[in-house]
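User: Could you walk me through the packing in this model, one question at a time?

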Amino acid sequence: MTEASPNPQIPEEDRLRAGMYDFLGALLARPPDAGLLQKSAALTGDDSEVGRAVRTLARIAAATGPEAVEDEYNTLFIGLGRGELLPYASYYLTGFLNEKPLAALREDMKTLGIVRADDVFEPEDHIASLFEMMAGMILGRFAEPVSLDRSKRFFDRHIGPWAGHFFSDLESARNSVFYAPVGSAGRAFVEIEKEAFRLISG
């Protein structure tokens, strides 16, 4: 995604939310390099469900090299023909790729001024891209930070209906080792966001 400089006047709570979207998106966009693995290994977490998953991820990251994680990533998401999981909204919502959820996302991206970067070839409804978009909207990377109501509409339309199912599948996937706690953290985080947005609308 192409982006502008982030707005510095962002509440700390929203910066933390955006940081989680960015972090999970980075882990899911491509196999993590040595730097991202090192960052993951240095993480600490509290006794919340997300915190426990982050602590588990840190332990696994500290004991895993980039080559092993790349092999796992390729098995899970690429494979020979296709990986164990297809992390796209269209697939989870319709059973097929490049369907109506992708068209709806592209409409919202146009409205929000979000443009796919030239070096990105995956359909825009990949979970990593959606999380990058959420972080960008929170931090004002694409224009001004969007309102909570607008980000709620985006979440409810493009992430909430399926991301929890994807992360649950990732958590329990046959070939998940490093990515199992990524699934746990993502599933719990999506539930937190759902509840927070529900309270806003209530």
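Analyst: Happy to! A nonpolar core is a set of buried Ala, Val, Leu, Ile, Met, Phe, Trp, Tyr and Cys residues joined through side-chain atoms within 4.5 Å; buried means under 20% relative accessible area, exposed over 50%, partly exposed in between, with a 1.4 Å probe and protein chains only. This is a predicted model, where local features need pLDDT of at least 70, side-chain atom pairs count only at pLDDT 80 or more, and totals for chains, interfaces and linings use all residues. Residues are numbered from 1 along each chain as its sequence is written, and side-chain values use heavy atoms, with hydrogens and water left out.

User: Which residues of the largest nonpolar core touch the most other members?

Analyst: In soluble globular proteins, nonpolar side chains tend to be buried together. Here the largest nonpolar core holds 55 residues, and those touching the most other members are Leu-170, Phe-178 and Tyr-179.

User: And which helix gives this core its largest share?

Analyst: Helices are DSSP runs of H or I with at least four residues, and strands are E runs of at least two, numbered from the N terminus. The largest share of the core is ten residues, and they come from α7.

User: How do α1 and α7 pack, roughly parallel or roughly antiparallel?

Analyst: Axes are lines fitted to C-alpha atoms, for helices over the stretch in contact, and angles run from 0 to 180 degrees between N-to-C directions. Under 35 degrees counts as roughly parallel, over 145 as roughly antiparallel, 65 to 115 as roughly perpendicular and the rest as oblique. Helix α1 (residues 12–29) and helix α7 (residues 127–139) have axes 8 Å apart and an angle of about 155°. That angle therefore makes α1 and α7 roughly antiparallel.

User: What is the term for the way α1 packs against α2?

Analyst: The axes of α1 and α2 lie 11 Å apart, at an angle of about 135°. Phe-23, Ala-26 and Leu-27 in α1 meet Leu-36, Lys-39 and Ser-40 in α2, where contact means heavy atoms within 4.5 Å. The angle makes α1, relative to α2, oblique.

User: Is Leu-43 buried or partly exposed?

Analyst: Leu-43 sits in the loop between α2 (34–41) and α3 (49–62). Leaving aside neighbours within four places in sequence, Leu-43 is in contact with Phe-23, Val-54 and Ala-58. Because its relative accessibility is 28%, Leu-43 counts as partly exposed.

User: Which residue has a positive phi although it is not a glycine?

Analyst: Most residues other than glycine have a negative phi. The loop between α5 (89–94) and α6 (100–112) includes Asn-98. The residue with a positive phi, about 60°, is Asn-98.
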